[in-house]
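Biologist: I would like to learn how to read a structure like this one. Where do we start?

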There are 2 protein chains.
Amino acid sequence: MRSETIENYLKTIYNLSSDNTRVVTNQQLASKLNFNPASVTEALRKLHELKYVVYEKSYGTRLTASGARMAIDIVRRHRIWETYLVKELGFGWDEVHEIAEELEHVKNDKLINKLAELMGNPVYDPHGDPIPDAKGKFQKDKLITLFEARAKGSYRIMGTSDHSVVFLKYLEKHGLIIGASIHVKTVEEVDGSLLITCQKKEIVISQKVASNIICKET
Amino acid sequence: MRSETIENYLKTIYNLSSDNTRVVTNQQLASKLNFNPASVTEALRKLHELKYVVYEKSYGTRLTASGARMAIDIVRRHRIWETYLVKELGFGWDEVHEIAEELEHVKNDKLINKLAELMGNPVYDPHGDPIPDAKGKFQKDKLITLFEARAKGSYRIMGTSDHSVVFLKYLEKHGLIIGASIHVKTVEEVDGSLLITCQKKEIVISQKVASNIICKET
DNA sequence: ATTATCTTTTAGGCATACCAAAATTAATAA
DNA sequence: TTATTAATTTTGGTATGCCTAAAAGATAAT
Ligand SMILES: [Mn+2]
Ligand SMILES: [Mn+2]
Ligand SMILES: [Mn+2]
Ligand SMILES: [Mn+2]
């Protein structure tokens, strides 16, 4: 199997299984990768043979230890490159994902570690996603979505789970950028919307938006 | 055809044809790319259909204008990355070629131009090879090999045509690095060897070595 | 428990990009 | 010029990685 193919499957399985706690279905993979389900079945059989995943027919797939390690290395490369493009080359946070999708496949530890070092070994990427270190360990800050929070209080925005340009532009428009401090004033029971203040201004955000903002309590 | 496949063919044709002056034979390509000649024939037919090359059966191949432009863009990316890895990330000049072979396929003009800008738009890469600008134009300094020079006088080392690690290490050992000033004191008719001084020390270099050192008269 | 629906797998195909062996064509030497 | 050699092309493979359509299996609803 081509290394780039393997990497894209492992990365996607990883992203869909949130820390390898639940199995990933073929359909999830097919839709994420824009492949036909039949292609996914085939690929999973091969990845199972290669011992990167445990694929149980008609049930689901999870990463083995070695598959998870590979996935985390890819995630590290992806996020280091995104951070580098934004912080060192002046790209916007909404234009780096596509480039990183290519750069993440260049496998050279020294290169990634030098880039990381250059930036002071950052722990979050420009979208707020945590960057694993060279050993594959993540920063252990417990991050939650603003929707999960559902309580009055102060939070700091650490990232987003929706990385689409339209969403990022929306956040930017309202000053809801990474690092911003916000305060939740009221939680509307009817529709889950939140009244928050951010940089002195009051905004109402929908449950849908809230569920895509990653933050930590402050 | 896969874009990376096309790019590797075009780049290799470009490198073998020295400025598109002579046609490239299938055999040259096969041996450079480590492919079977039959595979090369097939690929050239396709590249011809795509109008990247003019392939004349049983005679040879040369790049079209659009093929040459693509090749030069790849060469630019390759050499910008090599320069970046050496100048900004502290890699040795003998370890960057392999990495650049991968990075050169990431096609994003903004990325390459930002990297180039960051370094002050360098005109030579760490091996002394010229870097075309964003429009595909090369610096026009006439560079020759020390063997072609064959005359007493002063020169500056601008690069090498043999990029192997063993050759680069040899040069390094004798201080024959890029940018070094050397002076040719005698040319030995018998075997073409040269007696030169470099950083106050006298060295005899063989014709073989001389023919792989690229320099310009000073 | 039976049916309807949704998911997964199987089966059969296709394009890409390579290969080895044989046939052809071109170049070189006798 | 004719043989010999060398380069190229043709032919008939293989492995990858995707596809569609049909069959089988699992899940949910009545
Ligand atoms: Mn990303
Ligand atoms: Mn990211
Ligand atoms: Mn190189
Ligand atoms: Mn170079």
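Modeller: Start with metal donors: these are N, O and S atoms within 2.8 Å of the metal (3.2 Å for Na, K and Ca), and water is not among the atoms, so sites may look incomplete. In sequence, the donor residues of the manganese ion (ligand 2) are spaced E-x42-D-x1-H. This is a predicted model: local features need pLDDT of at least 70, side-chain atom pairs count only at pLDDT 80 or more, and totals for chains, interfaces and linings use all residues. Residues are numbered from 1 along each chain as its sequence is written, chains are lettered from A and ligands numbered from 1 in the order in which they are written, and side-chain values use heavy atoms, with hydrogens and water left out.

Biologist: Which atoms coordinate the manganese ion (ligand 2)?

Modeller: A:E82 (OE), A:D125 (OD) and A:H127 (ND1) do, at 2.1 to 2.4 Å. A:E82 and A:D125 link distant parts of the chain, 43 residues apart. A:E82 sits in helix 4 (residues 65-87) of chain A, and A:D125 in the loop between helix 6 (109-118) and strand 3 (144-145). Helices (H or I, at least four residues) and strands (E, at least two) are DSSP runs, numbered from the N terminus. A:E82 also bridges ligand 2 and the manganese ion (ligand 1), and these two ions lie 3.5 Å apart.

Biologist: What coordinates the manganese ion (ligand 3)?

Modeller: Its donors are B:H78 (NE2), B:E82 (OE) and B:H97 (ND1), at 2.0 to 2.1 Å. Their sequence spacing is H-x3-E-x14-H. B:H78 and B:E82 both lie in helix 4 (residues 65-87) of chain B, four residues apart, about one turn of the helix. B:H78 is buried, because its relative accessibility is 8%. B:E82 is buried at 1%. B:E82 bridges ligand 3 and the manganese ion (ligand 4), 3.5 Å apart.

Biologist: Now the DNA. Which residues come nearest to DNA strand D?

Modeller: First the cut-off: a residue is near a strand if one of its heavy atoms lies within 4 Å of it. There are 20 residues around DNA strand D, and A:R2, A:N36, A:S39, B:N26 and B:S58 come nearest.

Biologist: Which side chains reach the phosphate oxygens of DNA strand D?

Modeller: Look for polar contacts, pairs of N or O atoms within 3.5 Å; within protein, one must be able to donate a hydrogen and the other to accept it, and residues adjacent in sequence count only if both atoms are side-chain atoms. For B:T41 the distance is 3.1 Å. For B:K57 it is 3.2 Å.

Biologist: Which element gives the largest share of the surface near DNA strand D?

Modeller: Helix 3 of chain B, with four residues.

Biologist: Last, the backbone. Where does A:K200 lie?

Modeller: A:K200 is in the loop between strand 6 and strand 7 of chain A. Its phi is positive, about 75 degrees, although A:K200 is not a glycine. A:K200 counts as exposed because its relative accessibility is 86%. A:Q199 is in the loop between strand 6 (194-198) and strand 7 (201-205), with a positive phi near 50 degrees.

Terms used:
Buried means under 20% relative accessible area, exposed over 50%, partly exposed in between (1.4 Å probe, protein chains only).
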